[in-house]
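User: I would like to learn how to read a ligand site in a model. Please take me through one.

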Amino acid sequence: MNVNGRHYRTIWTEGEGEGETLFIIDQTTLPHEFRVRALQSVDDVCSAIRDMWVRGAGLIGATAAWGVWIAARTAPAGDFCGFMTRSMDKLRTTRPTASNLAWALERQKKALAGLSGEEAVRVARAEAQAIADEDADFCRRIGEHGLSIIKEVAERHPDRAVNILTHCNAGWLAFVDYGSALSPVYAAFDAGIPVHVWVDETRPRNQGASLTAWELSRHGVPHDLIADNAGGHLMQHGMVDLVITGADRVTRCGDAANKIGTYLKALAAFDNKVPFYVALPSSTYDFTLRDGVRDIPIEERNADEVRVVSGLSKGGKREDVLICPPETPARNWAFDVTPSRLITGLITERGVCHASENGILSLYPERRNA
Ligand code: MRU
């Protein structure tokens, strides 16, 4: 996507040979400052994922894949296998909920089996690039498939914009490019279909306010930021045509883990007969799980993300502000699970399917025995 007239992916390398360096966009300073950072070591990559300089399921996976390349380049000659195993273990434990992380590491592990030294560096680089390119390509295709859903609403309401509600950030910042939930929005906007997005602020880290609103502004897509609790009211008053969210892990039966608060939106959508879609690339499925509420691990993060809000002061300085009595404890679950029965459909790179085992396997028949 374009930032200040330049095309950016969220992760890329510059330079060649030993001078080649991995870069990311630091998402913790957005929307107020656009900052690019270099990642030089496996510890840098782990911090980038854990501290959410990069975040979002697809981007976490791609970053971990590039982290394996960095591990291969920096592994000591006498302990290549041990170093690689420890590095992959460190990367795996940075964040527990998104499937894409373990998926990307598994791909790298298979690609590197039996290799070491220069050959391993070359193969790890090629695999990381392939994972990143595939992520961008799959997200572009999600946009094409989701476009037909938006088009269909637009045809029924030619007199006004299509109102889409989204939660958190599942735009290009959450992937390598394009995004999942926002990819159909960009495709519709670029096709000249009038769209308008209700952007949930998404407490506690406010990815909607800081990232989704920023992305949509850069692209010129009309949107309004709303308090997290406003969605149900808007749905009751016919102000939402569709909800589209991303996902961090989806079970083989269609239960979807996504940013905390998504489940409440799905309940409100169900009650108001508003179609609720989840957009995801295949790297987000976990075909080993059936019951998402019971089995998807939910990350619990630092309580200060709930107690402290950061933003720009009137003087233009970034500040952290405590919003509760200093002695008040908090709990901070980062994700929740929306059961498949509340999901109208899954928008994937292979098309749109019913959120059920049969629906998913109709698009991914090769996973029947996975
Ligand atoms: O904690 P984050 O910001 O990494 O959470 C991920 C998300 O942004 C959302 O849950 C998103 O909708 C799915 S990731 C494509």
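This is a predicted model: local features need pLDDT of at least 70, side-chain atom pairs count only at pLDDT 80 or more; totals for chains, interfaces and linings use all residues.

User: How many residues surround the ligand, and which are the closest?

Analyst: A residue is near a molecule if one of its heavy atoms lies within 4 Å of it. Here 17 residues surround the ligand, and the closest are Arg-55, Arg-95, Asp-248, Asn-258 and Lys-259.

User: What lies 2.6 Å from an oxygen atom of the ligand?

Analyst: A polar contact is a pair of N or O atoms within 3.5 Å. A polar side-chain atom of Asn-258 is at that distance from a ligand oxygen atom. For the side chain of Arg-95, an N or O atom is 2.8 Å from an oxygen atom of the ligand. Gly-56 uses a backbone N or O atom, 2.9 Å from a ligand oxygen atom.

User: How is the protein divided into domains?

Analyst: Domain bounds come from an automatic or database domain assignment. This protein has domain 1 (2–134) and domain 2 (145–367). Contact means heavy atoms within 4.5 Å, and the contact here takes 32 residues from domain 1 and 32 residues from domain 2. Their C-alpha centres lie 25 Å apart.

User: Why does the ligand lie between domain 1 and domain 2?

Analyst: The ligand lies between them because both domains give residues to the shell around it.

Conventions:
Residues are numbered from 1 along each chain as its sequence is written. Side-chain values use heavy atoms; hydrogens and water are left out. A polar contact is a pair of N or O atoms within 3.5 Å; within protein, one must be able to donate a hydrogen and the other to accept it, and residues adjacent in sequence count only if both atoms are side-chain atoms.
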